[in-house]
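Subject: Structure for you to look at

Hello,

Please find the structure below, with notes on what turned up in it. Have it open while you read.

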Amino acid sequence: MSTSSPVNEKSDVVERPEHVHHSKSHMDAETRAIANADAKLSNPLRGIPHDRLMADIEIFAQERGLTHLLPELKKGALVAQDPTCYNRLDMFSEDDKRILTEEVTHKWRQTPMLYYMVVMSSLAAAVQGMDEAVINGAQIIYPAQFGIGGGTKRDSWLIGLVNSAPYLCCATVSCWLTHPLNHYLGRKKTIFLTCMISFLTCIWSGLTNTWWHLFIARFFLGFGIGPKSATVPVYTAECSPAPIRGALVMMWQMWTAFGIALGDLIDLAFYFIPDTPGVTGLNWRLMLASAGIPGLIVCMQVMFAPESPRWLISKGRYEDAFNELCRLRFSRVQAARDLYYIHVLLEAENEMKKGRNRIVEMFTIPRNRNAALASWVVMFGQQFCGVNVIAYYSSDVFVQSGFSQVSALASSLGFGALNWLFAIPAFFTIDTYGRRNLLLFTFPCMAICLLITGFSFWSTSETGRVTGVSIGIYLFAIFYSPGEGPVPFTYSAEAFPLYIRDIGMSFATATTWFWNFILSITWPSLVLAFKPQGAFGWYAAWCCILWVLILLFVRETKGKTLEELDQVFAVPLGAHAAYGLRQIPYGIKKFVLFQNPTPEQLYEFESESEVSSTGGDENAKREVKEDAEKAR
């Protein structure tokens with residue numbers, strides 16, 4: 001059920017005066033400090049006079065050894081401050097104007113090197129999906145060979161432990177290595193290292209001969225999965241131009257889904273390979289080992305891709321950063337613009353971080369705590385909606401329903417294909433209907449699909465049982481892919497204020513991997529204890545609980561500026577929960593009784609001038625310091 005109107009993109013949906021929430025009154029000193037900071041971080045060049053900007057550029061060029069680029073830097077700084085100024089100034093050539101215009105009117109017309117980077121990033125995402133999926137087919141074969149396929153309670157826990165080993169590593173160790181790896185190695189070398197780890201550990205997994213050896217190999221696979229899942233989207237965002245950045249970052253989820261489908265296809269293809277003398281279980285060994293091949297391809301490909309300009313600038317390598325930007329952009333003016341803008345943005349971010357315990361502030365400042373709670377809900381929901389039960393165990397579920405092993409693998413491929421195909425519409429639906437609306441609509445549908453899957457096991461007819469299980473799983477993929485599939489990472493990336501966004505994303509990523517581990521390790525014993533009916537019913541119940549949590553605690557972020565997001569998350573938790581409860585009768589009247597109730601407007605946004613100062617650069621920096629001191 002969709003419970004808020006899509007008409008007004010700037011509000012969450014009533015115009016009844018008694019329910020209008022004046023977020024302005026709740027913008028306390030802490031939240032206002034964050035709002036001021038985000039206003040300045042959204043464009044640190046805002047309000048700087050022309051003469052001052054040109055003087056700053058000359059000082060910047062002299063300090064960084066870039067005086068030979070001064071003409072391009074001056075043009076770039078002006079465009080960074082005002083993206084439309086090139087139409088009014090004679091200093092821009094006709095080629096400059098054409099390229100800067102086409103950047104907006106033909107946003108997908110980009111350099112070959114940028115698309116090379118996109119292909120590499122997409123393949124890295126597919127590696128991620130394959131790493132997760134190949135165990136789906138292998139786990140219907142290897143347990144019997146390793147003596148843990150007897151169906152006992154001990155065996156079910158050991159199968160779950162082996163299958164979940166990479167996600168145990170991600171949640172406890174590898175995700176927390178993302179920052180030091182990126183800090184010291186850079187994006188390219190981190191991607192190279194993690195893909196090489198994926199390749200080697202996949203080969204290692206195919207050479208094991210005991211369950212505990214396979215557990216160790218798959219645990220080390222987590223060192224390839226965790227940091228890669230956080231690094232590749234960041235690398236893509238830092239190399240991409242602003243007009244297409246969001247779409248390219250979202251491709252991570254879509255191509256991860258493609259990798260899962262490809263892994264299911266590999267499972268089916270290698271199932272028929274017979275054993276050879278001296279090698280038992282060659283089919284499942286090839287399933288696990290083959291997932292490393294795309295990782296090896298990425299390792300060879302990434303060496304020719306550009307390094308992240310932002311990372312190079314953070315290391316003081318400005319000349320190298322400019323050269324890499326020239327590879328990614330059509331003109332030197334575009335490269336100079338992005339170079340200087342990244343520089344001033346990093347300076348502003350570093351100024352904001354001074355003297356602040358960002359980890360503590362993520363939970364002690366109400367605006368940040370509300371964002372962390374909402375992010376936790378959607379990340380937890382991505383696992384406890386039950387999707388990875390199907391991604392990791394669908395072949396086993398299909399076998400239990402009456403399919404042969406071959407038919408089960410083919411049916412799992414159907415799930416993987418639907419999961420990928422229906423991730424494509426998310427490019428349009430996520431910014432059309434909103435993140436919160438998509439979740440509120442799809443979670444009840446996923447609950448129904450899981451109940452169909454579980455209750456089908458009560459059918460006494462084998463045909464009816466396999467049909468019901470297949471329909472339930474396939475419909476689940478259709479509802480999951482455009483909703484809870486892409487929303488969590490997109491939502492978490494925009495919910496946190498800029499100065500703690502990297503910490504917030506680490507928290508969100510660790511959350512999803514931890515609950516991924518819990519789900520993976522417990523499913524075999526859950527099925528043993530409660531049968532498929534109860535196990536699928538358990539996750540259907542969680543879908544219903546999560547619908548309530550989303551209704552009460554997840555705020556809409558679609559179409560809102562950084563300043564507006566600060567005000568959205570500044571609304572007290574109780575006020576937003578009460579608003580969510582009021583949406584239930586509104587939704588019943590609108591979508592069940594087909595009435596036309598007046599939608600409620602929860603937020604009354606302050607104007608930009610009320611939130612941030614548009615004075616000079618020195619005034620802006622001074623205000624940030626003063627607001628931070630007041631907040632503390």
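Which residue's backbone oxygen lies 2.9 Å from a polar atom of the side chain of S525? The residue is T522. Please keep in mind throughout that this is a predicted model.

S525 sits in helix α24, which covers residues 501-553. Its relative accessible area is 13%, and the cut-off for buried is under 20%, so S525 counts as buried. Once neighbours within four places in sequence are set aside, S525 is in contact with S156 and W157.

K531 is found in helix α24 too. K531 has a relative accessible area of 51% and is exposed, since the exposed class begins over 50%. The phi angle of K531 is near 65°, which is positive although the residue is not glycine. As background, most residues other than glycine have a negative phi.

**F594, in a loop**

A positive phi turns up at F594 as well, with a value near 55° in a residue other than glycine. F594 is found in the loop between α26 (573-592) and α27 (608-611). With a relative accessibility of 71%, F594 counts as exposed.

**I99 and T105, in helix α4**

Helix α4 takes in residues 94-105, and T105 lies in it. I99 is in helix α4 as well. Is I99 buried or exposed? Its relative accessibility is 13%, and on that value I99 counts as buried.

Leaving out neighbours within four places in sequence, the residues in contact with I99 are F330, S331 and Q334.

For T105, the C-alpha atom is separated by 9.9 Å from that of P243, and these two residues are 138 apart along the chain. The side chain of T105 is also joined to the side chain of H106 by a polar contact of 3.0 Å.

**N388, in helix α18**

N388 is found in helix α18, residues 387-401. N388 has a relative accessible area of 8% and is buried. Not counting residues up to four places away in sequence, N388 touches Q383, Y393, N516 and L519.

Take α5 (residues 112-138) and α12 (residues 293-302) to begin with. Their axes come within 9 Å and cross at roughly 155°. Angles over 145 degrees count as roughly antiparallel, so α5 is roughly antiparallel to α12. The crossing of α5 past α12 is left-handed. On the α5 side the contact is made by Y116, V119, M120, L123, A124, V127 and M130, and on the α12 side by P294, G295, I297, V298, Q301 and V302. Sorted by class, this contact of α5 with α12 has eleven nonpolar residues, two polar ones and no charged ones.

Next, α8 (residues 178-205) and α11 (residues 282-290). How do these two helices run relative to each other? The axes of α8 and α11 come within 7 Å and cross at roughly 175°, and the two helices are therefore roughly antiparallel. In α8, the residues C202, I203 and S205 meet W284, L288 and A289 of α11. The contact of α8 with α11 divides into five nonpolar residues, one polar and no charged.

Helix α11 also meets α10 (residues 242-270), and the axes of α10 and α11 come within 9 Å, crossing at roughly 155°. That angle makes α10 roughly antiparallel to α11. Here α10 passes α11 in a right-handed crossing. The contact is made by I266, D267 and F270 of α10 together with N283, L286, M287 and S290 of α11. By class, the contact of α10 with α11 has four nonpolar residues, two polar and one charged.

Regards

Technical notes
Residues numbered from 1 in each chain as written. Predicted model: local features only at pLDDT ≥ 70, side-chain atom pairs only at ≥ 80, totals over all residues. Heavy atoms only, no water. Axes fitted to C-alpha atoms, helices over the stretch in contact; angles between N-to-C directions. Helix = DSSP H or I, 4+ residues; strand = E, 2+ residues; numbered from the N terminus. Parallel < 35°, antiparallel > 145°, perpendicular 65-115°, else oblique. Left-handed = near helix turned anticlockwise from the far one by under 90°. Contact = heavy atoms within 4.5 Å. Nonpolar A, V, L, I, M, F, W, Y, C, P; charged D, E, K, R; others polar. Buried < 20%, exposed > 50% of the residue type's maximum accessible area, 1.4 Å probe, protein only. Polar contact = N/O pair within 3.5 Å; in protein donor to acceptor, adjacent residues only side chain to side chain.
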